[in-house]
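Please look over the chain shown here before reading on. Keep the structure in view as you work through the points.

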Amino acid sequence: MFERLIAGAGGASDGNVWMPPQSSTAAPAVDRLFYFIFWISAFFFALIVILAIVFVIRYRKRAGRVAPVEVPTHNTPLEIAWTVIPLLIVFVIFYLGFKIFLDVVTPPKNAYEVQVTAQRWKWMFTYPNGHVDENLHVPLDTPVLLVMTSEDVIHSFFVPDFRLKRDIVPGRYNKTWFRATQEGAHDLMCAEYCGTSHSTMLAQVVVHPPGGFEKWLAEASNFLAKLPPAEAGAQVFRTRGCAQCHSLDGKANVGPTMQAVFGSSVSTRDGKRLVADENYIRESIIDPQARIVAGFDPVMPTYKGRLKDEEITVLIAYIKTLSN
Ligand SMILES: [Cu+2]
């Protein structure tokens, strides 16, 4: 227990009270810098608090004691020392931090590229073959380049085990990269408050052993062919973030519930009524702003160009099953 409390003590790579396990090539350098700053802060905290206590006791007001006369003078060597020593310390911190920063923002040339889309309140990862997943799957010990953008507000991609955090801004692409050194699942979260369900904007980075990643990707990409339409539709509904805004239990969320929506009579904001058929569902997905459901805000992002026709078809098949 005690060694887990001591910052930087042996075994830091398994994680301790301060830091989760080191699971990427960048993590050891980040931790070294963290502990360096941590121990400097701890040293000066102790020095200042101890001196303050000693002086308070030693120079407290006592009967018969005469206050010393103030002498306006100064001590040149002392003033140089307390200027130059902190200056050197901050130079070292800057040097170490800048070196790590350059490393973290400069991806190697041969990196495997994955597109990241952040959207309230879901992560979507697009692989080179076009497959989209709700978790980030990567091969072990391989540089992975993330090209990240947001559909709505600012989010932040944060994987504590990798010591990796980078903002994701709508309308531009931010890049980061990592090389995972530990197999298994690592938590991924949004580190920029992005609205109501920000705290549920979670996913995992799944690091596969050699060969396992290719197998996973081939298998996962095949879901449209493998699953019955309604089940494939349920998967698209979950992985593309529809479930973040649409409930299945009849309760309105950010958007209307999907329970029994198919075939129902929908009132739009401009006072019209229509029956929710296949064409209406399709239009709602591709052009959500075309007709706004009464009582809701026009906040649904368009999925035009983001969903294949087959995916929209299975989504409709799935939404139909919710009316049975
Ligand atoms: Cu977010």
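This briefing covers helix packing, strands and a few single residues.

The model is predicted. Residue numbers start from 1 and follow the sequence as written.

**Helices H2 and H3**

- Helix H2 spans residues 27-58, and helix H3 spans residues 76-105.
- Their axes come within 10 Å and cross at roughly 160°.
- An angle over 145 degrees counts as roughly antiparallel, so H2 is roughly antiparallel to H3.
- The crossing of H2 and H3 is left-handed.
- On the H2 side, the contact uses Ala-29, Val-30, Leu-33, Phe-36, Ile-37 and Ile-40.
- On the H3 side, Ile-89, Ile-93, Leu-96, Gly-97 and Ile-100 meet them.
- By class, this contact of H2 with H3 holds 10 nonpolar residues, 1 polar residue and no charged ones.

**Helices H6 and H9**

- Helix H6 covers residues 229-239 and packs against H9 at an angle of about 100°.
- The two axes lie 7 Å apart.
- Angles of 65 to 115 degrees count as roughly perpendicular, and H6 and H9 are therefore roughly perpendicular to each other.
- H6 contributes Pro-229, Ala-230, Ala-232, Gly-233, Ala-234, Val-236 and Phe-237 to the contact.
- H9 contributes Glu-311, Val-314, Leu-315, Ala-317, Tyr-318 and Thr-321.
- The contact of H6 with H9 has 10 nonpolar, 2 polar and 1 charged residues.

**Helices H8 and H9**

- H9 (residues 309-321) also has a contact with helix H8 (residues 278-286).
- The axes of H8 and H9 come within 10 Å, and they cross at roughly 120°.
- That angle makes H8 oblique to H9.
- The crossing of H8 and H9 is right-handed.
- Glu-278, Ile-281, Arg-282 and Ile-285 of H8 meet Ile-312, Leu-315, Ile-316 and Ile-319 of H9.
- The contact of H8 with H9 divides into 6 nonpolar, no polar and 2 charged residues.
- Leu-315 of H9 takes part in the contact with H8, and Leu-315 is also listed in the contact with H6.

**The five-stranded sheet**

- An open sheet is formed by 5 strands in the order S3-S2-S1-S5-S8.
- The pairing in this sheet is mixed.
- Which strands stand at the edges? They are S3 (132-133) and S8 (174-179).
- Each edge strand has a single partner strand, so one side of each is left without a neighbour in the sheet.
- Strand S1 (residues 112-119) and strand S5 (residues 143-150) run parallel, joined by 7 bridges.
- Tyr-112 has Val-144 in S5 as its bridge partner.

- Strand S4 spans residues 136-139, and both of its faces are covered.
- In a regular strand, side chains alternate between the two faces of the sheet.
- On one side of S4, Leu-136 and Val-138 are buried.
- S4 runs parallel to strand S10 (residues 202-208), and 4 bridges join the two.
- Leu-136 stands opposite Val-205 in S10.

**Single residues in loops**

- Where is Gln-22? Gln-22 lies in the loop between helix H1 (2-5) and H2.
- Gln-22 counts as buried because it has 21 C-beta neighbours inside 10 Å, and the cut-off for buried is 20 or more.
- Gln-22 and Thr-239 are 217 residues apart along the chain, and their C-alpha atoms are separated by 28 Å.
- A cis peptide bond joins Arg-120 and Trp-121, with omega about 0°.
- Trp-121 sits in the loop between S1 and strand S2 (122-126).
- Asp-141 has phi near 55°, a positive value in a residue other than glycine.
- The loop between S4 and S5 holds Asp-141.
- Is Asp-141 buried or partly exposed? With 14 C-beta neighbours inside 10 Å, Asp-141 counts as partly exposed.
- Arg-163 likewise has a positive phi near 55° and is not a glycine.
- Arg-163 is found in the loop between strand S6 (155-159) and strand S7 (164-168).
- Arg-163 is buried, because 23 other C-beta atoms lie within 10 Å.

Note on methods. This is a predicted model: local features need pLDDT of at least 70, side-chain atom pairs count only at pLDDT 80 or more; totals for chains, interfaces and linings use all residues. Axes are lines fitted to C-alpha atoms, for helices over the stretch in contact, and angles run from 0 to 180 degrees between N-to-C directions. Angles under 35 degrees count as roughly parallel, over 145 as roughly antiparallel, 65 to 115 as roughly perpendicular and the rest as oblique. A crossing is left-handed if the near helix is turned anticlockwise from the far one by less than a right angle, and right-handed if clockwise. Two residues are in contact if their C-beta atoms, placed from the backbone, lie within 7 Å. Ala, Val, Leu, Ile, Met, Phe, Trp, Tyr, Cys and Pro count as nonpolar, Asp, Glu, Lys and Arg as charged, and the others, Gly among them, as polar. A residue is buried if 20 or more other C-beta atoms lie within 10 Å of its own, exposed if 12 or fewer, and partly exposed in between; C-beta atoms are placed from the backbone. Two strands pair if DSSP finds at least two bridges between them.
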